Amino acid sequence: MALSQIIIELLEGLAVSVRIFLITLLFSLPLGLVIAFGRMSKNNIISSITKIYISIMRGTPLMLQLFVVYYGPYYLFNIKLSPTYRNSAVYIGFIINYAAYFAEIYRSGIQSMPVGQYEAATLLGYSKFQTFVRIILPQVIKRILPSVTNEVITLVKDTSLAFSISVMEMFTKAKALSSSQTSMTPLIVAGLFYYVFNFVVAFLMDKAEKKLDYYK
Amino acid sequence: MNLLEMKHVKKSFGNLQVLRDISLEVKDGEIVSIIGPSGSGKSTLLRCATLLETMDAGTLKYEDTVVAENDPNGKAAYADKKTIRKVSSVFGLVFQQFNLFPHWNVMQNVTDAVINVQKKSKAEAEKIGMELLEKMGLSDKANYYPFQLSGGQQQRVAIARALALNPKVLFFDEPTSALDPELTGEVLKVIKSLKDLKIAMVIVTHEMSFARDISDKVIFMADGVIVEQGSAEEVFNSENERMQAFLGRYKDIL
Ligand SMILES: Nc1ncnc2c1ncn2[C@@H]1O[C@H](COP(=O)(O)OP(=O)(O)OP(=O)(O)O)[C@@H](O)[C@H]1O
Ligand SMILES: [Mg+2]
């Protein structure tokens with residue numbers, strides 16, 4: 001098989017990887033904020049449940065979680081889902097896993113905000129919602145951006161775990177091509193693509209950090 | 001009618017009784033200084049008056065609005081949220097640590113609440129903002145961010161931010177004690193210049209000569225009670241032993 005053919009096949013896989021990456025971020029970033037609020041809730045039941053949830057998500061392998069999401073409905077409840085469910089399973093697995101990591105990042109950011117910011121806002125008459133949206137969140141975003149960047153870069157590499165439930169993303173394709181061609185080339189090209197993918201992500205995150213450098 | 005009335009205010013943190021039985025009144029346009037040793041409860045008193053803390057017992061009244069008064073069990077019962085929200089526009093507070101919003105420039109710091117809380121137009125808010133910044137001697141700093149300003153300038157922005165909402169009484173909690181001595185003067189000068197705005201001011205301060213010069217009334221607090229109150233002359237010349245002991249430390253500058 002010609003190199004160009006390999007590249008085309010892998011690019012198709014890369015499109016799937018990018019889609020997993022984007023959909024995961026799109027949903028896990030806001031969901032993480034909701035979970036962070038649950039974790040900080042004064043209601044003991046809510047905060048305990050979210051605490052357990054976060055600790056399971058962070059304490060077990062993502063690959064195992066993908067298996068549970070994909071096979072769980074059948075093994076646990078005897079629900080038969082169509083094979084295309086594997087795509088949804090990947091999204092669900094990644095979103096609930098990453099939301100837990102983001103929740104902890106948000107929480108540490110929110111808790112690091114000085115109480116004086118809240119008190120000044122209260123004295124000026126801002127509602128709780130306004131205080132959070134206008135004053136707290138923008139500063140929290142700046143504080144947590146470096147940790148978010150780390151997670152996002154890990155996510156690029158983690159998309160390859162989707163191979164475990166046979167989703168046709170780039171790593172799955174590279175592995176298949178490599179064994180059918182008995183060649184290292186597809187794996188090396190895939191590695192190169194992951195590297196470039198991450199390079200672009202790091203570049204964009206760095207731009208975002210610079211953009212928030214206008215204040216201290 | 002009194003602008004502010006606090007009667008028999010009590011406040012404890014755990015076993016520590018910080019305010020024992022404080023009663024004070026502030027009239028429209030009156031300038032009141034609160035002095036006293038560290039830990040005597042001055043900040044706690046301001047925080048109760050500005051609703052950052054809740055009193056355990058006592059009455060808190062702004063004009064004719066009762067914010068809190070004792071229930072039959074002798075515990076302070078607060079008015080509903082709506083009343084509290086309404087009364088909150090009567091007072092403002094200037095913090096020791098300024099607490100400016102670092103992600104906004106000076107003009108945004110001063111005008112954002114005017115626009116988003118008081119719902120005035122941006123143009124109107126900026127007109128108010130510019131006038132106040134001029135009064136504070138900061139008209140050339142409107143586009144600066146807080147981290148680009150000296151402590152004294154930051155505190156003046158904080159004063160402008162509080163004044164922009166047009167309060168009837170402005171509380172200051174040691175507005176200069178986070179500042180280097182050479183920056184203290186500029187802030188005290190600005191506070192003195194607010195006299196012609198005719199708003200009431202309640203100022204906790206360790207600057208004795210400033211308190212003596214500016215105040216209509218001086219309150220000396222120690223251990224959670226008011227030991228002396230009256231005109232500056234009366235209080236500073238008081239024979240009271242604790243007052244004398246406290247003032248002893250400042251004798252050279254008075
Ligand atoms: N949130 C709190 N929890 C527990 N104790 C507190 C709290 N706030 C104040 N205190 C205690 O209450 C006492 C009075 O504090 P406060 O800050 O009102 O004194 P102050 O007169 O303002 O002193 P300073 O001149 O040092 O500012 C102190 O002993 C302080 O440690
Ligand atoms: Mg204090």
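This is a predicted model: local features need pLDDT of at least 70, side-chain atom pairs count only at pLDDT 80 or more; totals for chains, interfaces and linings use all residues.
Tyr62(B) stands opposite Thr65(B) in strand 5, and the hairpin formed by strands 4 and 5 of chain B has 2 residues between them, with Glu63(B) in the turn showing a positive phi of about 50°.

Strand 4 of chain B also pairs in the antiparallel sense with strand 1 (residues 4-13) of chain B, over 5 bridges, and Ala57(B) in strand 4 is the bridge partner of Lys10(B). Of the 6 residues in strand 4 (residues 57-62), 5 are buried, where buried means under 20% relative accessible area with a 1.4 Å probe, counting protein chains only.

## Surroundings of ligand 1

Ligand 1 is surrounded by 13 residues, the closest being Ser38(B), Gly39(B), Lys42(B), Ser43(B) and Thr44(B); a residue belongs to these surroundings if one of its heavy atoms lies within 4 Å. A backbone N or O atom of Gly39(B) lies 2.8 Å from an oxygen atom of ligand 1, and a polar side-chain atom of Lys42(B) lies 2.8 Å from an oxygen atom of the ligand.

## Basis of the values

Residues are numbered from 1 along each chain as its sequence is written, while chains are lettered from A and ligands numbered from 1 in the order in which they are written. Local features need pLDDT of at least 70, side-chain atom pairs count only at pLDDT 80 or more, and totals for chains, interfaces and linings use all residues, whereas side-chain values use heavy atoms, with hydrogens and water left out.

Key
Buried means under 20% relative accessible area, exposed over 50%, partly exposed in between (1.4 Å probe, protein chains only). Helices (H or I, at least four residues) and strands (E, at least two) are DSSP runs, numbered from the N terminus. Two strands pair if DSSP finds at least two bridges between them. A polar contact is a pair of N or O atoms within 3.5 Å; within protein, one must be able to donate a hydrogen and the other to accept it, and residues adjacent in sequence count only if both atoms are side-chain atoms.
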